[in-house]
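User: Hello! I am new to reading protein structures and would like to learn how to look at one. Could you walk me through this one step by step?

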Amino acid sequence: QVQLVESGGGLVQAGGSLRLSCAASGRTFSRYAMSWFRQAPGEERIFVAGIRWNDGRTYEADSVKGRFTISRDNAENTVYLQMNSLKPEDTAVYYCAARVSVTIRTMPVDYPYWGQGTQVTVSS
């Protein structure tokens, strides 16, 4: 099994920045894809950004492209989401997720491993 723990969420004003972290433990990560999703109250959980663990290739949703950057630290088994130029519509619970594949997918159903989530609130 893989355990994922998110951290780094909080309250920030519009235009500000936050960096989220997701620490992984359990299985050794060698051919995984990891992604960030977010979910606002009453809304569907949607894809934000993903990264291939083996080569670091990334993919970001159009809504965050140019503002958010996903990265990884193999030594620490940690994936990050650097969020810049935050907007109120970015407010949501952010989750990290993992799947046993090098392929990034954008649907939550494709990810069997999930963290508990961390709240990000962006004020106007």
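Analyst: Happy to! Let's begin with a term: a polar contact is a pair of N or O atoms within 3.5 Å, where one must be able to donate a hydrogen and the other to accept it. Here the side chains of Ser-35 and Tyr-111 are joined by such a contact, at 2.7 Å. Please keep in mind that this is a predicted model.

User: Where does Ser-35 lie, and is it buried or exposed?

Analyst: Ser-35 is part of strand E4. Ser-35 has 1%, so it is buried.

User: Which strand does E4 pair with, and in what sense?

Analyst: Strand E4, residues 33-39, pairs with E5 in the antiparallel sense, over 6 bridges. To see one of these bridges, find Ala-33 and look across to its partner in E5, Arg-52. The hairpin of E4 and E5 has 6 residues between the strands, and there Gly-42 takes a positive phi near 75 degrees.

User: Let's turn to cysteines. What is a disulfide?

Analyst: A disulfide is a covalent bond between the sulfur atoms of two cysteines. A search of the whole structure finds 1 of them. The partners are Cys-22 and Cys-96, with their sulfur atoms 2.0 Å apart. The pair links distant parts of the chain: Cys-22 sits in strand E3 (residues 18-26) and Cys-96 in strand E9 (residues 92-99), 74 residues apart.

User: What is the handedness of the link, and are its two cysteines buried or exposed?

Analyst: The link of Cys-22 and Cys-96 is right-handed, with 55 degrees about the S-S bond. Cys-22 is buried, at a relative accessible area of 0%. Cys-96 is buried too, with a value of 0%.

User: What else can I find around Cys-96?

Analyst: Look at its backbone nitrogen, which lies 2.9 Å from a polar atom of the side chain of Glu-6. The Glu-6 side chain also reaches the backbone nitrogen of Gln-116, at 2.9 Å. Glu-6 itself has its place in strand E1.

User: Which side chain of opposite charge is nearest to Glu-6, and how far away is it?

Analyst: It is Arg-45, 7.5 Å away. A salt bridge needs a side-chain nitrogen of Lys or Arg within 4 Å of a carboxyl oxygen of Asp or Glu. Glu-6 is buried yet has no salt bridge.

User: How many bridges join E7 to E8?

Analyst: There are 6, joining E7 to E8 (residues 78-83), and these strands run antiparallel. Within the pair, Thr-69 stands opposite Gln-82 in E8.

User: What should I notice in the loops?

Analyst: Asn-77, in the loop between E7 and E8, has a positive phi of about 50 degrees although it is not a glycine. Asn-77 is partly exposed, with a relative accessible area of 24%. In the loop between E8 and E9, Ser-85 also has a positive phi of about 50 degrees, although it is not a glycine. At 41% relative accessibility, Ser-85 counts as partly exposed.

Conventions:
Residues numbered from 1 in each chain as written. Predicted model: local features only at pLDDT ≥ 70, side-chain atom pairs only at ≥ 80, totals over all residues. Heavy atoms only, no water. Pairing = 2+ DSSP bridges. Helix = DSSP H or I, 4+ residues; strand = E, 2+ residues; numbered from the N terminus. Disulfide = S-S within 2.5 Å. Buried < 20%, exposed > 50% of the residue type's maximum accessible area, 1.4 Å probe, protein only. Lys, Arg positive; Asp, Glu negative; His and termini not counted.
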